[in-house]
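Have the model open as you read.

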Amino acid sequence: MLVGSSLPFHFLMYFAMTQQYRITLLPGDGIGPEIIPVAVAAIETVGKQFDFACSFETALIGGAAIDATGSPLPDETLTICKQSDAVMLAAIGGYKWDNLPREQRPETGLLGLRAGLELFANLRPATILPQLIDASTLKREVVEGVDIMVVRELTGGVYFGQPKGIFTTETGEQRGVNTMAYTTSEIDRIARVAYETAQKRGGKLCSVDKANVLDVSQLWRDRVTALNADYGDVELSHLYVDNAAMQLIRAPKQFDTIVTGNLFGDILSDAAAMLTGSIGMLPSASLGADGPGVYEPVHGSAPDIAGQDKANPLAQVLSAAMMLRYALNQPAAASKIEAAVMTVLDRGFRTGDIMSEGQTLVGCKAMSDALLEALEA
Ligand code: NAD
């Protein structure tokens, strides 16, 4: 029997036109299982409003995966991720798994996911929200209006270069070695992501390196400069990493988009994040050449508050908004979610991590309710 044949025509049209996406959910550990459902509820709400639907499949990663399977990244998880349009990850790790050998640690699962999906570009926005300006440790006039995107190379550089290891020299001394190396193709692909990101933002790109000392940085600078010919509308500048660190703290508003290698990006993106003073508010995206990207909050699994309804779900929710914008091409739905986050903050709702005098302290569930109410309005 054709069930559909008895449905009204406009109902059939609705299903015919509704865009469908497959999303893999990786709640991981700690507060992960508390904050992922908030983001899912937000996506489902805007999906109805903007005429798309997501099917969600949950898979194991991190400590939860170790407990269930013995591996921090079971093969099945990677397979499910590869088959999806995008992956939404919360966070991995916790005290329970801290003393396991490195290959069995939750962090190894995260690195395996990045490598398995070939995620070479990490996008981390650091935006000062007007409602939370006093959460920053820097002066209001320094941080007001800050809106930076750090584009970090994620799969090359000194974290992966060979040779690496601790070796014994001829004199019997130990010698620790890591190798910072980049090929032109590795530089070009991250530079292009950064140029395209800058084009969608303020049109300014600052490339950060250490070309005054490191040969690998000189190649980096040469390639980024050469590619500027393809992106004439982007204003390119260069900074040495030590100066970039100083400038980020001294005058962060001068930056629009920053592109840098793995090590420098690791450090500078955390410094940029701290300008905002609120780790529970920061989303990120990790992207590959093709295939699904991973969208996740910057913060960790917060084991100290896990299971207590104290987690701030908004970084996860804003990661979902990034996913809608970058992976699913639903910018209006993304903007709707971002506006709803502003609304709940305007109404004074605060979880403990962003609480200040005169505001209303809420838990994860109440924050979720307030967000959904704002989305429905
Ligand atoms: P963390 O980000 O988990 O926590 C730092 C502090 O911020 C804690 O006091 C925590 O309660 C608070 N915090 C973090 N997120 C919050 C949120 N959404 N709402 C309210 N408060 C929040 O960093 P950590 O304590 O250094 O690490 C804890 C675990 O997380 C470790 O096992 C670490 O390896 C792991 N970790 C994972 C990731 C990831 O999955 N990408 C990133 C960083 C740390």
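## What helix 9 packs against

The buried residues of helix 9 touch strand 5 (147-153), strand 8 (204-209), strand 9 (235-240), strand 10 (257-260) and helix 10 (262-276). Contact here means heavy atoms within 4.5 Å; helices (H or I, at least four residues) and strands (E, at least two) are DSSP runs, numbered from the N terminus.

This is a predicted model: local features need pLDDT of at least 70, side-chain atom pairs count only at pLDDT 80 or more, and totals for chains, interfaces and linings use all residues. Residues are numbered from 1 along each chain as its sequence is written, and side-chain values use heavy atoms, leaving out hydrogens and water.

Which residues of helix 9 (residues 241-250) are buried? They're V241, A244, Q247 and L248, where buried means under 20% relative accessible area, exposed over 50%, and partly exposed in between (1.4 Å probe, protein chains only). Looking down the helix axis, these buried residues fall within an arc of 115°, so they line one face of helix 9; the arc is taken from the directions from the helix axis to the C-beta atoms. Over on the other side of helix 9, M246 and R250 are exposed.

## Helix 2 meets helix 12

A42, I43, V46, Q49 and F50 of helix 2 meet A332, A333, K336 and I337 of helix 12. By class, that contact has seven nonpolar, one polar and one charged residues (Ala, Val, Leu, Ile, Met, Phe, Trp, Tyr, Cys and Pro count as nonpolar, Asp, Glu, Lys and Arg as charged, and the others, Gly among them, as polar).
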